[in-house]
Amino acid sequence: MNYKKNILLVFFILNIINTVHANHLNNTFLNSELLPICYDFRFCGYMDTHGKNIITPKFSEALFFNDENTAIVRKDNLYGMINRKGDYIIEPQFSYLGDFKDGLALAGNKHSLYGYINKNGEFIIKPKFQRAKSFVGGLAIVFKDDFWGVINQQGAFIASPQFTYIDSFNNGVAFAKKEGLWGILNTQGSFMVMPQFQYINGFIRSFNEDLALAKQDNLFGFINTEGQFVISPKFKKAGFFSEGLAAVLKNDLYGFINKKGDFVIPPQYDDASYFIEGLAYVKKNGHVGFINKKGEWQVKPIISTSDFSKNEDEQSKHFNHGFLKIIKSDLEEYYIDKKGKAIYPIKNIIVSKENNMIQVLKPQRLHEFCYALNKCGYVNNIGNIVIPPVYDEVGFFNLGVARVKKNGLLGLIKNDGNFFLKPQFQSIEKCYKDEYVSDFIIVKKNELFGLVDFKGDVIIPIKYDDIRCTPNKNIFQTKKSDKDKLVSVSDNNLFKRIGFYSFDNDNSFVYIIQYETMLKGFADITGKIIVNPKFKELGKFNDGVAVAKQDELYGLINTKGDFVIQPQFESIYVFKEGFAQVKKDGLLGFIDTSGRVVSEPQFEYAENFERGLAKVAIKKLWGLINTKGEIVIEPQFDEIRKFDNRFARVVKNGLYGLINSEGEIVIEPQFEDLRVYGKNLVIIKVNGLYGLLKVGEDTSNKSLFEKIGLLNKPIQEVLYASIKNEIKTIIKPEFDRIGGVNVDRYGYDDDVFYFDEEENGHELIKVVKNNLMSLATLDGKVQIKPEYQEIKEFMGYYNYHVVIFRVNKNGLYGLIDMNGNMIVEPEFEAIEWVNQKIIKVKKNGLYGLMTTDFKPIVVPQFSEVLEGTNDFVWVKKNGLFGLLKFNGQWLVPPQFKSFHSCFSSASGYDKSAPLCVQKDGLFGLIHNGKWLLKPQFKFFGFGFHYSHRNFILVKQGGRVRLVDSKGHYITSFDKNLAKVVKKR
């Protein structure tokens, strides 16, 4: 057997199946022979499958090459993109960079705001989102103003930010969470299934095998695409359907059910996941194994849970193209095949840094092997034994060193077989802390701990009861006879008399406590004592000062240990915005970091400064002071709420008003309720009814509203007049609800419609009266007669200000424009988008079609309508599928029992690719309505992508053949491809 060729074949397969870096999970499968390598956690480049360096290690991070032969790299803290020569095609300039999807790539600027760039590195959609996802099918999910929304490729919102979370769009739908419940969105950003579930999950696609996992009343069941339960919610836990089965929990054990809800594999496992490639991950008695769909062990449970502990996400628990990566708890990796045989990839070549130059050393690629699972050694990549199997356990080589165990003791061995550290230790651990990895090793021998370096030299003697790493990689905490001290790698006598310690925020100081007196002081990181332990309490430094307690009183000291504020306060609290509260004689005031008393202690209560203002209370009434200590609003309110944008709500005698961030009273407390929406909209409540105000940009210290009694005036007089016309009454208080005023049930964003607000200022808001809905403009004009139970945005043309809404009247749906003109009469059970050209309508349980300019194409007659291509749609009639053109004529009349996308592509699902169809029990291949291969096969196997081509396996007359995406039989192909096919 040619072992070397097999290893290269393994790398070829792994090259196809490995997914990219965790931050780029949606990247394509690999089809590249260039593999990213990183050395000493700092230098990353690319090598080929022979271990030869192709691109010099010079990056801080390197990701896999994608299908477009580009790769994302990081230089220092900025991301860019390179070609296969290692040349930059986009210079490192972004805080984040994703692969190109639909011609655009997600990118972050220096302020960690996200937008989308073109292939020249220019922002096409400006960075204005706090979080975002890549484009899929012309749509992207973005996070703005604390909510998720959906934009198109022009950067315009098709669904304004209003959702707690949205999954990415797949097959024209996405699961979205709003107000604590999940529903199903279509590609127009409207709910096709209203939020009603506690949870929905559908695997990689939104719906898997036409079913999605849903949670209701704290139990799990399965719904169809219309949101109806097919399998009633009755399980405490469940997974989604894959390959016809789903894992569910019953009586605290997992089993597998079919689509009827019947158990096919009885409950017997401690944990279980979904089936992929005929196998499912299960856990039993603390070990992980894999079963087939009959419940038989394919890979017996021999993988320890600890070895599988880093396979945290669901995708990493499953076979991909016949192989599964095992990530051990110590971050070592290997692969197993479907028989459980371990396969180790060729190890990276070794790189060292000397004289600031990266040098490539001659590689010694070694692989672990064990006889009878009890004696282990190493072989090289051609199968020769290099290190004999004499060890109980062996680990992976890292920088030329591996951990081995012999006779129950641990040591470190070099790749030439000589010992780095002879097996003599009970434990050998490298110290990981925060963002660094120590250059030293903590060892344990005869129950005592010490420290060695990577040359094998003892740095700290092995004599301590315990050694732990600290935030400073050159300082270690030691314990002996229940006494702690800090020890430097350069001075073993550092901080001899310390009891406890802590580091400053930037690791520039070490805080120490003396055992005998329990007094505190601090030193620098070299061990030089700056202030001897003399304080009863000592806080961390902030802006060059720290709180210190002496003689039962608190003051401030500088980094020299000198008091800048003498001890005089009962308490000094945490600094924020350069100010801290102080307490004296039971009252609160403020000081700054220079030691200046900004406000003498005089308040019963006080809160930290925020936006240059601090809330203070006298006699349980709240007001505001500024950073000069001046009272800008006299204490008079029962409550001052948190500032949101420019404003904060205030409460007085149970009535609500408004103040701004300049400390001015904008609206005197006079309303039963008051809510700020957006930048300058204020929803008010008067006599149980709601209205809307608009606050101008400029305000004054004078009250902007004349207060008028609420209970004895007609409603017209309850509308308050602005003294300086800085507040306008937009909508009189005459509605049961405006926007999201009823916060117990409705959210604000769901009820305000924005249409190109930034450019055209065009905006509508929903109003409700007697449980009937209407729309109003922000000049107070009610556009539509209140007669609908529901109004949802359906279509928007931002450039022309034409907006269409879907309305529900007495349970039936229709369409209106923004002026209330009827476009489609409310006569349908559903109106939904199919694609950008076709809308489907449902009547009497059947679907019909209309164009996006609302002209009828086909009267309702289909049980299903599914997205096809840009020229036709799939429809189901009398239990069979067919292809219908957009003009209503048949491309292929209904005749197929089923259809599916059978080709695997490096770019994922391609709706324009050929489809596999089933007719009369046989499979064929069709493309755009034309036969590539007529139904003649009893079996269509899985598809795969190889060398920029797509293939599928077919079976005919007992013979397995290979077919490409053009329907051509492949009779000759290279050896590597032949081996891949043979593997399958």
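Two strands count as paired when DSSP finds at least two bridges between them, and the strands themselves, like the helices, are DSSP runs numbered from the N terminus, with at least two residues (E) for a strand and at least four (H or I) for a helix. The structure described here is a predicted model, in which local features need a pLDDT of at least 70 and side-chain atom pairs count only at pLDDT 80 or more, while totals for chains, interfaces and linings use all residues. Residues are numbered from 1 along each chain as its sequence is written, and side-chain values use heavy atoms, with hydrogens and water left out.

## A hairpin and a sheet

Strand 48 (residues 475–480) pairs with strand 49 in the antiparallel sense over six bridges, and within this pairing F476 has V487 of strand 49 as its bridge partner. Strand 49 (residues 483–488) is mostly covered, since five of its six residues are buried, where buried means under 20% relative accessible area, exposed means over 50%, and partly exposed lies in between (1.4 Å probe, protein chains only). The hairpin formed by strand 48 and strand 49 has two residues between the strands, and S481 takes a positive phi near 55° there.

Elsewhere, four strands form an open sheet in the order 16-17-18-19, with antiparallel pairing. Strand 16 (165–166) and strand 19 (191–197) each have a single partner strand and stand at the edges, so one side of each is left without a neighbour in the sheet. Strand 18 (residues 181–186) pairs with strand 19 in the antiparallel sense over three bridges, and W182 has F197 in strand 19 as its bridge partner.

## Aromatic rings

Which kinds of ring contact count as a pair? Rings of Phe, Tyr and Trp (its six-membered ring) pair if their centres lie within 6.5 Å, and planes under 30 degrees apart count as stacked, over 60 as edge-to-face and the rest as tilted.

| Pair | Centre to centre | Angle between planes |
|---|---|---|
| F163 and F191 | 5.6 Å | 75° |
| F590 and F609 | 4.9 Å | 70° |

## Nonpolar cores

A nonpolar core is a set of buried Ala, Val, Leu, Ile, Met, Phe, Trp, Tyr and Cys residues joined through side-chain atoms within 4.5 Å. The largest such core has 15 residues, and those with the most contacts inside it are L658, I667 and L674. Several strands each supply at least two residues of this core, among them strand 67 (647–652), strand 68 (655–660) and strand 69 (665–671). A second, separate core of 14 residues includes F143, A159, A174 and F191.

## Residues in loops

Most residues other than glycine have a negative phi. E577, however, has a positive phi near 55°; this residue is found in the loop between strand 58 (571–572) and strand 59 (579–584) and is partly exposed, with a relative accessible area of 45%. D920 also has a positive phi near 55°, and is found in the loop between strand 91 (915–919) and strand 92 (922–927), where D920 counts as exposed because its relative accessibility is 73%.

Q228 lies in the loop between strand 22 (219–223) and strand 23 (229–235), and counts as partly exposed at 45% relative accessibility. Although Q228 and A214 are 14 residues apart in sequence, they are 9.9 Å apart in space, C-alpha to C-alpha.
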